[in-house]
2 protein chains.
Amino acid sequence: MRATVHVSLKKGVLDPQGQAVQLALNGLGFAEVEQVRQGKYLEIELTETNPTTAKEQVEQMCERLLANPVIETYSIELES
Amino acid sequence: MRATVHVSLKKGVLDPQGQAVQLALNGLGFAEVEQVRQGKYLEIELTETNPTTAKEQVEQMCERLLANPVIETYSIELES
């Protein structure tokens, strides 16, 4: 089973990496770019086959390692 | 218009960051994790309203700045 996890900064949290990308794009001539926010995503291959258990496990992984719950949110999608 | 861009390493390209995450998860007791691959994603707000033009622009952004076409692939989704 594969889990796809998206981790992004919460709304209102400053995203200097996204700002840097925006400025670089503007500098390259892409004047139509208004805002950029950057996050990360992970594809996790699991031996677990039960979707409910797998989702619980991946939520724990996010809380304990993959995301910083203070400033980041995450979303999980599962596919078998 | 908003574009969501996913940038990931091509298949076969070593992903040390993903491996580090996998080992860390295994070390935390998540033995069911077989493989992890990590990528980045960007949410880009554009003033452009024509989907065809917007997609072309974002493709250029990927080729010129956001992705390294030698080792990375990217995918683009647009929503208005």
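## A tour of the A/B pair

Start by selecting R2(A) and E43(A): they form a salt bridge, with the closest N and O atoms 3.8 Å apart. A salt bridge here is a side-chain nitrogen of Lys or Arg within 4 Å of a carboxyl oxygen of Asp or Glu. The pair links distant parts of the chain, 41 residues apart: E43(A) sits in strand β2 of chain A and R2(A) in strand β1 (residues 2-9) of chain A. Helices (H or I, at least four residues) and strands (E, at least two) are DSSP runs, numbered from the N terminus.

Before going on, note that this is a predicted model: local features need pLDDT of at least 70, side-chain atom pairs count only at pLDDT 80 or more, and totals for chains, interfaces and linings use all residues. Residues are numbered from 1 along each chain as its sequence is written, chains are lettered from A and ligands numbered from 1 in the order in which they are written, and side-chain values use heavy atoms, with hydrogens and water left out.

**Stop 1: the charges around R2**

Show R2(A), E43(A) and E45(A) together: salt bridges link them in a network.

How exposed is each of these residues? R2(A) is partly exposed at 30% relative accessibility. E43(A) is partly exposed at 26%. E45(A) is partly exposed at 22%. The classes are buried (under 20% relative accessible area), exposed (over 50%) and partly exposed in between, with a 1.4 Å probe and protein chains only.

Now switch to chain B. R2(B) forms a salt bridge with E43(B), the closest N and O atoms being 3.8 Å apart. R2(B) is in strand β1 and E43(B) in strand β2 of chain B, 41 residues apart. R2(B) is partly exposed, with a relative accessible area of 30%; E43(B) is partly exposed at 25%. Over all chains the count comes to four salt bridges.

**Stop 2: the axis**

Zoom out to both chains. A rotation of 180° with 0.0 Å of shift along its axis superposes chain A on chain B, at an RMSD of 0.0 Å. That is the relation of a two-fold axis. Select K40(A): in chain A, its C-alpha is the nearest to the axis, 2.1 Å from it. The superposition is by least squares on the C-alpha atoms of residues with pLDDT of at least 70 in both copies. Next, colour the interface. 100% of the interface residues of chain A are also interface residues in chain B, so the copies meet through the same surface.

**Stop 3: helix α2 of chain A**

Select residues 51-66 of chain A, helix α2. The expected span is 1.5 Å times one less than the number of residues.

Which residues of α2(A) are buried? They are A54(A), Q57(A), V58(A), M61(A), C62(A) and L66(A). They cover an arc of only 145° around the axis, which puts them on the same side of α2(A). The arc is that of the directions from the helix axis to the C-beta atoms. An α-helix has 3.6 residues a turn, so residues three or four places apart point the same way.

What covers this face? The cover includes β1, β2 and β3 (72-79) of chain A together with α1 (16-27) and β2 of chain B. At the start of α2(A), look at N50(A): a side-chain oxygen reaches to within 2.8 Å of the backbone nitrogen of T52(A).

**Stop 4: Q57(A)**

Centre on Q57(A), in helix α2 of chain A. Q57(A) is buried, with a relative accessible area of 16%. Leaving aside neighbours within four places in sequence, Q57(A) is in contact (heavy atoms within 4.5 Å) with E48(A), F30(B) and E32(B). The side chains of Q57(A) and E32(B) make a polar contact at 3.2 Å. A polar contact is a pair of N or O atoms within 3.5 Å; within protein, one must be able to donate a hydrogen and the other to accept it, and residues adjacent in sequence count only if both atoms are side-chain atoms.

**Stop 5: helix α2 of chain B**

Finish on α2(B). Its buried residues pack against α1 (16-27) and β2 (33-46) of chain A together with β1 (2-9), β2 (33-46) and β3 (72-79) of chain B. N50(B) caps the N-terminal end of α2(B), with a side-chain oxygen 2.8 Å from the backbone nitrogen of T52(B).
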